[in-house]
Amino acid sequence: MRDDLWHDFSTLSMEPAAYELFATSVPEGASDSTGKLPLSLTRRQFCQALGAGVLVLLLRDVRAVQESGGGRRAEAPSMPREIGAWLHIADDGRVTVYTGKVEVGQNIRTSLTQVVAEELRVPMERIHLVMGDTDLTPFDMGTFGSRTTPVMAAHLRRVAAATRELLLDLAAEQWQVARATLQIEAGVVRHAATGRSLDIGRLVRGQRLTRAIPQEVPLTPPQQWRIMGTSVPKVNGRAFVTGEHRYTSDLKLPGMLYGKVLRPPAFGARLVSVDTRDAEAMPGVLVVREGDFVGVAAPSPEHAARALAAIRAEWKRTPQPSSREIFAYLKAHEVEAQGWEGRSRYVVGSISEGLQIAERRFEQTYTVAYIAHAPLEPRAAVAEWKDGRLTVWTGTQRPFGVRSELARAFGVPEDHVRVIVPDTGSGYGGKHTGEAALEAARLAKAAGRPVKVVWTREEEFTWAYFRPAGVIEVRSGVKTDGTITAWEFHNYNSGAAAIRTPYAIPNQWIEFHPTRSPLRQGSYRALAATANHFARETAMDELAHLVGMDPLEFRLKNLKDERLRAVLEAAAHRFGWGRTKAAPDRGVGLAAGFEKGGYVATCAEIAVDRATGEVKVLRVVTAFECGAILNPDHLTNQIEGAIVMGLGGALFEAIEFENGKILNPRFSRYRVPRFSDLPQIDIVLLDRRDLPSAGAGETPIVGIAPAIGNAIFHATGVRLRSLPLVPNGLKGEARLHRGE
Amino acid sequence: MREVIELHVNGVRHRLEVEPNRSLLSVLREELDLTGTKYGCGEGQCGACTVLVAGRAMRSCTTPVHLVAGRSITTIEGLARDGRLHPLQEAFLEVGALQCGYCTPGMLMSGVALLNANPDPSEAEIIRFMNGNICRCGTYGRIVRAIQRAAQKMKEARR
């Protein structure tokens, strides 16, 4: 394979798809926290638009500035960067909260409403969240990295608490009573001594206040929580069960056209010539050609599809690698950085000394395949140009990032671009980019009318980006009493997330090796934590067997982290680890780890059908701890969902490709977990109200694959070291491994 | 080659001039603005486009509209009656059987079709019937529970 061939792809793969990784590498202490509130014209206009009432602004702290990647790239946001959050109480008592985060099914619209309701002492129903609208909400780098709960929920809590204090000030002044004698309950200020009460809407009526709040405000302690920490149902759930909610793909504007884009026959193909005459001759059809971009806009999706089919294009293809040779390819194509994530190395002690004192030595290689997010709502966007200003509705996890992409692409200032994200049909880290937004905007500009682009499933499977494939090499040494003396761990390509071992090992060499990637790759739920946990926790199981120890006992022997021990013990206890009766072709396995502030342990029981080779996951117990729990039911839902999604990558999901073509870009060829794959799932939540809340949408996915792989070994003696473990059933895999 | 086709959707008769081979999904969404029915795959593999035709589940993305002319079609928008949710819609909310909600209309229509045919399905029957519907958020266990709960509600309502 020629080296220069890959240049374009490695460039492509580092861009917005990977902003999450980029964001996590923003250095500590970056950027400003001036504490000054610049009253820009835009914000004045904004306040006017809100009408009467109380607007409370929260100044960004240093951490928040890092979070939004402040200063990374010069931008001209329409709202001042220093403002981290704002909240408005209208004189009818409605509370509107503005946040740049987006709802993609993780139910943060609910959890963020909960924290405001708790601190403001206002019923949930009165609170509305405006989310992911670049004209209305504060700048936010994106909804990823499980950061909403630790950062945005904390912000909004402070905003709401400060607002509560402000309302008490107002009431005390109006009634000429001591402030301490007042309290707010269910949106009503009460003065117990006189029995006086006033709805907060009435209280702010006629006021036109704008206050910036200090960082230090009294927060409600967890022991007094009444709304936080409870299983409040999804706030706008009714709109989803009635079909009323409009996702981006459901939106329509007057005069709107439907767009389609001509795709190359393979990655790396270049357009040589194109004949669009037949398409152009179709009534109502507009064909747009700009460089390699060829697209159509037509009055209906069917017209657009027909027009696209009528375009004859000649492409020049270049040879591309295939999934069969991918791991050798990755090993052979190390680079210094993938653009977002450079080479990184963590070394303590000496591996050679650690191996020398070891009584048993161990060396193995693990691999993970590229997999697809396959969000059920594919990429979609509706774009409209008006007087040189662009508005785009699109399902993205990075509305402000997509705004920048659009502004750059069309050479307009960022404040001429507005990106609005309706609650979206999921993301899982797969919607960081603005492809459909750019396509719709380009077609809309040429058409002079609004254009909607909705990707087909095949486009989503082909032209989105993938979870990186990777090769992981482990070398270790252990004493017969179970003490690990050396731990060497090299990850090629998949990433550095959770690459460090949580086990207490004196000699470590842990290194991430960026490589070129033949496929476009980017974030995926939990990033490389899944790959790294798969390799590490499988190796831990292998080491335990090497010294004849129980896998749970072996882990605990090498584990000092109390929080991790707690989830491991909780999961093992609920699962009945060590107490399960041995049955033929049944096995149990476990895995544990931590990432993004969450601690997880998963135990799995599997059954193997020797005749068919089918592996069925019967039972999963996951114990999870992420500090103080905001919404136990929604947390449980996330953990269950992570387990089910993780089952796919563990057992059968893999993108197959050959010479630049995805071979399985459809649900009929790319198997995702279905009802029949569902194990019995038991979740143990450890609620640590003494600790700050961490996010939970990602980390619970990391334990399922190694737990299943270890259970397969327990049942059959076959050790599987590649994800997916059994894409073709166990018989084929077993043969493959015997042949090694 | 457009034809006039009569569609009975959610109790309303529509006379539409459409191409007879156009998918029911496209006609519902684009001509009737019933966007609760979703596109997910276009090959009948994910169930997001499920509607009821004479009470039975059909994948509208692979159903040419002429095949269902004159037949009674129910979409997610027609499930609630006079603002009262169907017991399965209620059960979805009570159990919290959704995350992003994009699969939910199709799940509900498939679930209602199951309950129409089998008012008291076993867990195994639910799993078998619902296996053509994909939820990428992985709420399958909750959807099973919601269907069981709705079956119970409907049984009680019949008493």
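**Group meeting: a predicted two-chain model**

Let me begin with one strand. In chain A, strand β20, residues 470-478, is mostly covered, with seven of its nine residues buried.

Which strands pair with β20(A)? On one hand there is strand β15 of chain A, residues 360-368, which pairs with β20(A) in the antiparallel sense over nine bridges. Within that pairing, Glu363(A) has Arg475(A) of β20(A) as its bridge partner. There is also strand β21 of chain A, residues 484-492, which runs antiparallel to β20(A) and is joined to it by eight bridges. Here Glu473(A) stands opposite His490(A) of β21(A).

Asp585(A) is not a glycine, yet has a positive phi of about 60°. This residue is found in the loop between α18 (562-575) and β23 (586-595) of chain A. Is Asp585(A) buried, exposed or partly exposed? Its C-beta neighbours inside 10 Å number 13, and therefore Asp585(A) counts as partly exposed; the class lies between the limit of 12 or fewer for exposed and 20 or more for buried.

Asn659(A), also not a glycine, has a positive phi of about 45°. The loop that holds Asn659(A) runs between β26 (657-658) and β27 (661-662) of chain A. Because Asn659(A) has 14 C-beta neighbours inside 10 Å, it counts as partly exposed.

As for the peptide bonds, the one from Leu723(A) to Pro724(A) is cis, with omega near 0°. Pro724(A) is found in the loop between β29 (722-723) and α21 (730-738) of chain A.

I turn now to the nonpolar core. The largest one has 258 residues, and those with the most contacts inside it are Ala440(A), Val567(A), Ala571(A) and Ile708(A). Helix α6 of chain A, residues 148-175, gives the largest share of this core, twelve residues. What does Ile708(A) touch, leaving aside its neighbours within four places in sequence? Its contacts are Gly589(A), Ala604(A), Ile606(A), Val617(A), Ala650(A), Leu651(A) and Leu725(A).

Next, the interface. In chain A, 47 residues are in contact with 41 residues of chain B. On the side of chain A that touches chain B, the elements giving two or more residues are α8 (237-241), α10 (301-309) and α19 (632-651). The largest share, seven residues, comes from α19(A). By residue class, this side of chain A divides into 19 nonpolar, 17 polar and eleven charged residues.

Let me now take chain B by itself. Its secondary structure comes to five helices and five strands, and from the N terminus on the elements run β-β-α-β-β-β-α-α-α-α. A compact globule of 159 residues would have a radius of gyration near 15 Å, and chain B, with 15 Å, agrees. Along the principal axes, the C-alpha atoms of chain B fill a box of roughly 45 × 35 × 25 Å. Buried residues make up 54% of the chain. Of the contacts in chain B between residues at least 6 apart in sequence, 61% join residues at least 24 apart.

The five strands of chain B form an open sheet in the order β2-β1-β5-β3-β4, with mixed pairing. Why is one side of β2 and of β4 left without a neighbour in the sheet? These two strands of chain B, β2 (12-18) and β4 (56-59), stand at the edges and each has a single partner strand, so one side of each has no neighbour there. Neighbouring strands of the sheet are turned by 40° against each other on average, direction ignored.

Inside this sheet, β3 (residues 50-53) and β5 (residues 72-74) of chain B pair in the antiparallel sense over two bridges. Val53(B) has Ile73(B) of β5(B) as its bridge partner. Finally, helix α3 of chain B, residues 104-117, packs on the sheet and touches β3 and β4 of chain B; the direction of the helix makes about 35° with that of β3(B).

Notes. Residues numbered from 1 in each chain as written. Chains lettered and ligands numbered in written order. Predicted model: local features only at pLDDT ≥ 70, side-chain atom pairs only at ≥ 80, totals over all residues. Contact = placed C-beta atoms within 7 Å. Helix = DSSP H or I, 4+ residues; strand = E, 2+ residues; numbered from the N terminus. Nonpolar A, V, L, I, M, F, W, Y, C, P; charged D, E, K, R; others polar. Pairing = 2+ DSSP bridges. Rg over C-alpha atoms; globule rule 2.2 N^0.38 Å. Core = buried A, V, L, I, M, F, W, Y, C linked by C-beta atoms within 7 Å. Axes fitted to C-alpha atoms, helices over the stretch in contact; angles between N-to-C directions.
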